[in-house]
Amino acid sequence: MNGALLILKKEFMELSKDRKTLFFTFVMPLILYPLMFLMLGRLGSQDAASRAGRPSRVCLTDPSHVLGRDLESDPQRFLVVPRPPGDLRQAIRDQKLELALEVEPAGAGKLARNETLEMTVLYDHSDESSKLALDRFKSLLRKQESLWVQARLKVLGASPQLAVPVKLETVEAGDMGLFMGKLVGSFLPYLLMIMMYAGAMQHGIYATAGEKERGTLLSLLATSLSRTQIIIGKLLYIFSIGILSALINLLSMAFSVGRLMATGGGGDPQAHAAVTGIAALATPSVLGLTFMLMVPLGLFFANFILLGGIQARNTLEASTALTPGIFVVVLLGVFSMAPGIEKMAWLPFVPVLNVSLAIRKLFSQQGNGFEYMVALGMTVVLAGLMTWISTRMLNRESAIFRV
Amino acid sequence: MIRLTDVHKTFVVKDKRTRARRRIEAVRGISLEVRPGEIYGLLGPNGAGKSTTLRMIAGLMRPDRGLIEVCGVDTVGSPERARALVGYLSTDIGVYSRFTPRELLRLFGEFQGVEARVAERRGMHLLEELGLADFADIRMEGFSGGQKQKVSIARALLHDPRVVIFDEPTTGLDVLTAKTVLDLLRVMKAEGRSVVVSTHVMPMVEAICDRVGIIFDGGLHGDAPPKEIFARWGVASLDEVFFKLADAGGGGAA
C-alpha cells in the first residue's frame, strides 16, 4: 500500500507543478460560480427593477371612455399611448407597447344599464413586461369591478358585503425546507455524477495514456514497485481528483445559490424560508451518508476512466474512448431527475441509479435504511470488482506495451 | 549475474488487412550468461528481439517459456525483487518534465526504497558524473534530448543496481555525451556490475564489450568476445557478421 501512496504523491506533485491545471481544477470553480450567479442575480434584479419602475405602455380603444380616466390617473403604472400603425399583435411582439385594450363601443351604456361590459386585452405571454402590464391591469380592473358592483348594490339597496360572500386568507402550511430538499435531492445526484466523472476524466487520461505517450510509464514499471501498487496509486489519484472536483464545484455552487437567494430575494420570505429550510435539512448525517455513497461511486468512475486510459495507445484515443461516458452519466443523471422514479420498485436494485435514488430520498427525508444499504453495498461491490478488473488489465503486457 | 535459460517469447499481432491473428516468435530459445564485472553487447537489427530480451531481463515482460535469473532471483517468480537489482534504461523512456532532476531522483529513490538522504547524495553524484549538476534544480521542460537521457541514466543507477541494462544508451547523443556514457559503463564494469548494452554503434561494442551476442530473427548467435567472433566468421568487423547473417537468413548460427 505504501507504494500506491508514493504513486499518489507523485501524481499530486506533478499536478502541483502545473499552475494552469491547478487553477482551472480547483480555483476556477470557486470564482466562476459566485461570479456567474452574482451576474445572473444582478441582471435579474436590474431587469425586474427596471420593469417595475417603468409604466406599462397601453394602447386603449375605448370610444365611450369607460377606463381612460382610471388608466391616466395612475401614471406610475400606465402610460396610454396612441395606436401604432399596422397590426396591434405585431406592435406588442415588437415591444412598441405592452398591452392593447379594446372596450366595446357601447361600454358606458351597458354599465349604466347594469349589463355585462365586454373588453379584449392583447398581450405577449413570453414577454415579462407584457405580463407585468396584464397583472397591473387586472389589479386595476379588480378594484374598479368592486366599485361598480358596490354601486349597483347600493342602487338595489343591498349590503356591499353581498358581493363578498367569502374572505379567503391563505396560509402556507407546507415545509419549504422539505420542498427544497426534494428539489435538491432530484438534481444533486446528477450534479455529483457529472462532476465526479468529468472532473476526473482529463486527469485520469494524463496519468494513464499520457504516461504512455510521454514514455514515462516504463520508468515507473522498471522500479521495484509492483504493478498493483502502481495501478492502485493511479486509481486513488483519479478518485481523489473526482471527489475533490465534485466537492469544490458543489460547495461553490451551493454558496453562490444560497447567497443569491438570501440577498437577491430582496427580503422575499419564500426565498428566506427556502435557504433556512435547506440549511436545516442538510444535516451532518444527511451530508455524511451522501458522502459515503459518493466514495464507492467515485471509485467506480475512477476505475472506468483508468481502464479506458490504460487500454488506449495515446491521450487522443483515451479521450475518444472516455468522452461517450459523459453522455452515459448525463443520461443516468437526467433519469434520476425524472419525477416519480422513487415509486419504481425495481430501481433500488439497479446499480448507480440506486445511488441517485438513495440520495434523493435522504434529502426528501424519506430515507429507507434497507434501500440505502443495498445501494451502498452494490456500489462497493461494483467498485471492488472494477478495481480487480483494472489491476488484472494493467498486469497484462498487451495493455501496457500496446503501441 | 544474469542467466537466461532457453527463453521464449511470442506476441500475437493482428494483420490489419486480413484481420487474422498471427503469432510472432520474438525470442526463440535464448540462453546466455553475463557475469559480474562483464559488459555484454546485445546486437541485432531492428525488430530482431533485443528490446524484448532486455525487457524480460529487467522484469518488465514475462517469458512464455524458460528461466531468467538476476543475481539468483527469478524475474517471473519475484519480479519486484528482481527489478530492485536492475538499473534499466531504454531510449523509449521519457522523464517527468515538470520535475527538476533533483526532484525526480528523490522521488525515484523513494520508489526504489532508497533512503532520502542517500538518494539525494547518490543522485547528485551521478548528475555531477554526467555533467548535469548545474541543471539539478531546473525543470526539465526545456531540456535537450541528451540532457533528458542523462537524467534517465542517473534515474536508472540511483538505487545502486547490481545489474545494469542499457537499451541503446547513446542514441541521439552527441559525441561528448556518448563518451561520458561509455566511461560510466566502464566504471560500472570496474565496480563489478553485470552490464548488458544493446546498440547499433559497432565501434562502441568493439571498444567496451567483453562478449557479444547477436540476435537475429529471435535467435542468439555469437555469444563470444568480439575478436573470437571475427575469427569464427572470418570477418574484420561486426557489420560484416550482420551482412553474413542476413544473407544466411539467420540460419548460419555459430
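**Close-up views of chain A in a predicted model**

**View 1. Helix H14(A) passes H15(A) in a left-handed crossing.** The model shown here and in the other views is predicted. H14(A) covers residues 353-363, and the axes of H14(A) and H15(A) come within 9 Å, crossing at roughly 145°. On the H14(A) side, the contact is made by Asn354(A), Val355(A), Leu357(A) and Ala358(A). H15(A) contributes Glu371(A), Tyr372(A), Val374(A), Ala375(A), Met378(A) and Thr379(A). Sorted by class, the residues of this contact between H14(A) and H15(A) are seven nonpolar, two polar and one charged.

**View 2. Helix H15 of chain A runs from residue 369 to residue 394.** H15(A) has 26 residues and reaches 37 Å from its first C-alpha to its last. That span is close to the 38 Å expected at 1.5 Å a residue. Buried residues of H15(A) include Tyr372(A), Ala375(A) and Thr379(A), which also take part in the contact with H14(A). Further along H15(A), Ala383(A), Met386(A), Thr387(A), Ser390(A) and Leu394(A) are buried as well.

**View 3. Chain A is in contact with chain B.** The contact involves 17 residues of chain A and 22 residues of chain B. On the side of chain A that touches chain B, helix H1 (2-17) and helix H9 (217-221) each supply at least two residues. The largest share of that side, four residues, comes from H1(A). By class, the side of chain A that touches chain B has five nonpolar, six polar and six charged residues.

Notes. Residues are numbered from 1 along each chain as its sequence is written. Chains are lettered from A and ligands numbered from 1 in the order in which they are written. This is a predicted model: local features need pLDDT of at least 70, side-chain atom pairs count only at pLDDT 80 or more; totals for chains, interfaces and linings use all residues. Two residues are in contact if their C-beta atoms, placed from the backbone, lie within 7 Å. Ala, Val, Leu, Ile, Met, Phe, Trp, Tyr, Cys and Pro count as nonpolar, Asp, Glu, Lys and Arg as charged, and the others, Gly among them, as polar. The expected span of a helix is 1.5 Å times one less than its number of residues. A residue is buried if 20 or more other C-beta atoms lie within 10 Å of its own, exposed if 12 or fewer, and partly exposed in between; C-beta atoms are placed from the backbone. Axes are lines fitted to C-alpha atoms, for helices over the stretch in contact, and angles run from 0 to 180 degrees between N-to-C directions. A crossing is left-handed if the near helix is turned anticlockwise from the far one by less than a right angle, and right-handed if clockwise.
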